[in-house]
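This report describes selected features of a structure: a helix pair, a sheet, a nonpolar core and a single residue. Please keep the sequence and the model in view while reading.

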Amino acid sequence: MIRDLSAVLGSAHRAVLFRYLAALCGYAVAQGLAVSLLVPVLGDLLGGDTGGAARWTGWLAVAVLITLGAHYVQAMLGFRVALVILTTLHHRLGDHVAALPLGWFDGTTVGRLTRMGTKSVLSIAGSCAHLLQPLVTGVLTPATVVVVMVFLDWRLGLAAVVCSPLILLAARVSVRLLNRMDEIDDAAGVEASGRVLEFARNQPVLRAFGRTTDGYPPLEAALKEQRAAARKQVWMAVPGMLLGGFAVQMCFSALIGVGASLALDGAVDPVELVALLALVARFAGPLAEVGEFAAVVRMARNDMGRVRAVLDEPPLPEPERSTPVTEPGAVEVDRVRFGYPGRRGEGPGDVVLDDVSFTVAPRTVTALVGASGSGKTTLTRLIARFFDVDAGTVRVGGVDVRDQTTAGLMEQLSLVFQDVYLFDDTLVGNIRVGRPDASEADVLEAARLAGVDEIVERLRDGWETRVGEAGTSLSGGERQRVSIARALLKDAPIVLLDEATAALDPENEAYVQRSMEALRERSTLLVIAHRLSTVTAADQIVVLDEGRVTEVGTHQELMVLDGRYARFWNERHRALGWRIAVDTS
Amino acid sequence: MEQDEDPRQAARQPDQDPKAQARAAKTQARAARAALASMLAPVRRRTRVAMALQIIGAAATIVPYVAIAELAKVLLAPGPADPGEVRGAVLIAVLGLSVRALFGGVALAVTHFADVALQASLRRRIVARLGRAPLGWFTANSSATVRKAAQNDVHDLHYLVAHSAVETTAAVTVPVAGLGYLFWLDWRLALLAPATLPLYAGAYAYMMKDFGPQMGRLNAGIAAINKAIVEFVTGIGVVKTFGRAGRAHAGYREAATRFGDHYRCWVRPMLKLEAFASMTVSAPVVLLVNLAGGIWFVRAGWVSPVDVLTASMVAMVIPSVLVTLGFGPQARREASAAAERIAAVLETPVLPESCRPKVPDSHEVELHDVSFSYDGTVDVLDGVSLRLVPGTVTALVGPSGSGKSTLASLVTRFHDVTGGRITIGGVDVREIATEQLYRHIGFVLQDVQLLRTSVRDNIRLARPGASEEEVREAARAAQIDRRIEALPRGYDSVVGEEAVLSGGEAQRVSIARALLADAPVLVLDEATAFTDPESEAAIQDAIARLVRGRTVLVIAHRLPTIVEADQIAVLREGRIVERGRHPELLAADGLYARMWATHERAVV
């Protein structure tokens, strides 16, 4: 834990952490020494020397003052460490995430990172006060007392020393039991969770097919399994929780026994024995509770693990300065191979693209065609460098994307993909994102072409309507139009466009059509094509099949070839002429 | 801190007047406590048993101290000590320790098993309730909420059920027993032992005075960070492509720095006070007070030195109790919030089932002046009347947001109408038993729902008793037979594990399912979202098979698809504005004709 903390903090702030730890240890020892003064005070008191007892009490008062001072110092230092952790982690997470490849982000990232940025970071920052302090004092203060005992009476001290490994062992076993039990619960919980989610998501079909009245068997089974696992867990948890305390009490019993028999033999001064036992009695309690911190330690470690997992993610390597573009508007995919990295480092995933090559000349339209899963989307992502290729090269503007800075690459590209993000800003502000310094007229023109003006008419606040997370929600098609308007405004030399969802309904289709005509006049267009008109009008069609390019050419050329494309075109044409009617046969 | 909600939601949380916030928080806390109490009712008896056990165990904590005192008396008595008495004292100490361990352990075991039972029963209740909720409820509440309630929230009750009662009991019993014993010894000692507690209580009260507003400010700070992260991460694609990465990043950094600064301002004073407060009850201070006082009492002749020994030992145990009590409220708050969320799920309105269900005698579906509103204020549908003649196709067209999908969802009774009625064969759908209803109405929607079970079971979901040949026949008709056979374990392949199907393929499995279910009325969303042309043609063939001879209501996205429909209903803003066949509507030169013209222009 401390190693993790120090690694996360970096050398600049490590000193604070170590100063804090030193202060904490000092405090724990001081407390142990102060409490040990119980022995001489009680010794004199029981021996009938109240004057001596009062003098020792004076020393005790001094020791107490020192302890209090140490406590204050460590508490404040602990807070400083917490603050440093808080800001350092926040900043490091931010810097790192900003440098990660876009491909790293998916649907779960936001949830994961907000949780991390609030809950995990705060709990790591708080772990000094809530975890380190009780843990260190819980161990070090009794240890100090044991050392003092060795000096006061070596036999009792020795007995206490002998007991220590026993207590440590018990604590370890108990931690192991508790960890094991967590794993059991986890597997069953994941399965049950999945089934509950499935049950909720599929209510319509489950209900329509009568599967809710008499229960949904897989869910029932999963819940039953979870319950069984939980019971098993309890059988481990309860002994695990009690073991530490039990060991401490055994030792305490042993000490009393040893002490009593020594006293009966006259080998030890009864006054001293009683005083020592009183001292030990005080510390049997807290020590027994150290084991209970296992859960807190585990939680802190999990939080830490989550943060480190993000920080250990390799950022996208980027040159200091972009190599100047040699061929503006050109895209070249050269013998590219790529597979999505396996989840959680399971090694390279299945190859999605293999030996893919084609070039797109400036100011031409290229249509990507292929069945779903053939690699079209992946290809556009590689061009925008969401990921790096496994082999081969992607060149944008004539230069390898890896020799360009993110900013340099993005200057050349406009992306119109399926997931459109709207900022918590006005509608017009969201379009202006495309080119912040664009003139009012340019913004309006882009909006008009993409059909955003038609949306504006329906909104109460018009252009100034707030959209995005906290504002009026726009439909998928409307969001897509905003995204096209952005691309139009940005006026980048190359546009990557996923037509699929854009062409959903007739009104959208008309706007997409119009925007594409505007775009092709000034940019290179690479389109994941769905509409036949887009395909036939393209200067070049690239047919992908299971990650390989099978055909490249114009519509006429490929039709003559009578291969995959021709088959696709015929199917598509048939689909277009399709009609629903009851008497269809 | 309840940061578990959807981060976007938390980000949206506006800064409110802290007082109003505090008031609202109080009412909410009360409701949460009530929810919690009723939720824990089933385990109350077991909890009480555990508490009784724990009282015995905790009281035994004092026994070793008493035994040590007895030992002291025996050993310090003039003359040689009696070995029997010494052994007796040691035995009592060991006995006390054993009783404490045993009873405490059994108490914990009892509550842990109670917790397991409670969790299992709550999960079952949640699931049972969901099985009867109106289907529309699931669209309004994300399935993640459901999972959270059934898994995480239920799990959050763990501390409360399994630990809280037992630990709090111990925390109260130990000082009560200890002080009781001291009173029995000497009342002055009993007063001296907890002498520093009032100082602690005072400091704590002073600290808590500002706690509410402070917490509010802290939460607002967290919400701000949350919001910054959401903007930063969700928008990162756009931000990077439009070269604004630096700016968004700066926004986040600023939020983080500001939070750090504020955190220091808020927490530091509290922490200082807390440091002082905790000192007053720390072991060395308590020891000092008790020994100093004890020496005075001995000099005054009020108590014996051995009594001071006992009192010191007991006094030092008392503060450790405070730690446990301090943890309690936080855990209780978290558990209460969880309980409230679970209660909300358990109180989901149940779709009313008719107690005297009727059986429709024909398949004619009719909408009589139907209105519907999701939120009770804005009508999504308004006075819609429509008749689906058996054996005909009715198409719903209209701009996005016109109410097409809502209308379809009323016919499948995912929601109940808020005005008017929907009948099948003259019987109101609300008077038809759920099972019976879906024997009449089948549906194939855009959002394909496949279960994580074998492909075969997915297809025969409607008719678990269907024969192998029937399943294959349906799959063949849905154009998915060959694909299934190519799977690693054919029809036994589990969907999502061995059978990874594309959207179009999943759609065809769902069509096979509908074919096998063979309901006479079919609600169909003409799905176009599949980018895979080959799949699309196959889907169309499958749908053509499916609609044959049925009463069909189709939500149309592409106009050419439905030009041959028997009836086209054009929706705009929740009303049917036109109705007729394709040529009639073109001739009417209204909305439909305009939509058709737009379409013609788009398709070259």
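Axes are lines fitted to C-alpha atoms, for helices over the stretch in contact, and angles run from 0 to 180 degrees between N-to-C directions. Helices (H or I, at least four residues) and strands (E, at least two) are DSSP runs, numbered from the N terminus. The model is predicted: local features need pLDDT of at least 70, side-chain atom pairs count only at pLDDT 80 or more, and totals for chains, interfaces and linings use all residues. Residues are numbered from 1 along each chain as its sequence is written, while chains are lettered from A and ligands numbered from 1 in the order in which they are written.

**A helix pair in chain B**

The axes of helix H4 (residues 63–76) and helix H5 (residues 83–130) of chain B come within 8 Å and cross at roughly 170°. H4(B) is therefore roughly antiparallel to H5(B), a term for angles over 145 degrees. Residues are in contact if their C-beta atoms, placed from the backbone, lie within 7 Å. On the side of H4(B), the contact includes Val63(B), Pro64(B) and Ala67(B); on the side of H5(B), it includes Glu85(B), Val86(B) and Ala89(B).

**A sheet in chain A**

An open sheet of six strands in chain A has the order S6-S9-S10-S3-S11-S12, with mixed pairing; two strands pair if DSSP finds at least two bridges between them. Its edge strands, S6(A) and S12(A), each pair on one side only. On average, neighbouring strands of the sheet are turned by 15° against each other, direction ignored. S11(A) and S12(A) pair in the antiparallel sense over five bridges. Helix H16 (residues 476–490) of chain A packs on the sheet, touching S6(A) and S9(A), and its direction makes about 170° with that of S6(A).

| S6(A) | 413–416 |
| S9(A) | 494–498 |
| S12(A) | 548–553 |

**The largest nonpolar core**

A nonpolar core is a set of buried Ala, Val, Leu, Ile, Met, Phe, Trp, Tyr and Cys residues joined through C-beta atoms within 7 Å; buried means 20 or more other C-beta atoms within 10 Å, exposed 12 or fewer, and partly exposed in between. The largest such core has 360 residues, of which Val274(A), Ala278(A), Ile68(B) and Val554(B) touch the most other members. Its largest share, 19 residues, comes from helix H8 (residues 217–264) of chain A.

Asn219(B) lies in helix H11 (residues 211–234) of chain B. Asn219(B) is partly exposed, because 18 other C-beta atoms lie within 10 Å.

Note on methods. Parallel < 35°, antiparallel > 145°, perpendicular 65-115°, else oblique. Contact = placed C-beta atoms within 7 Å.
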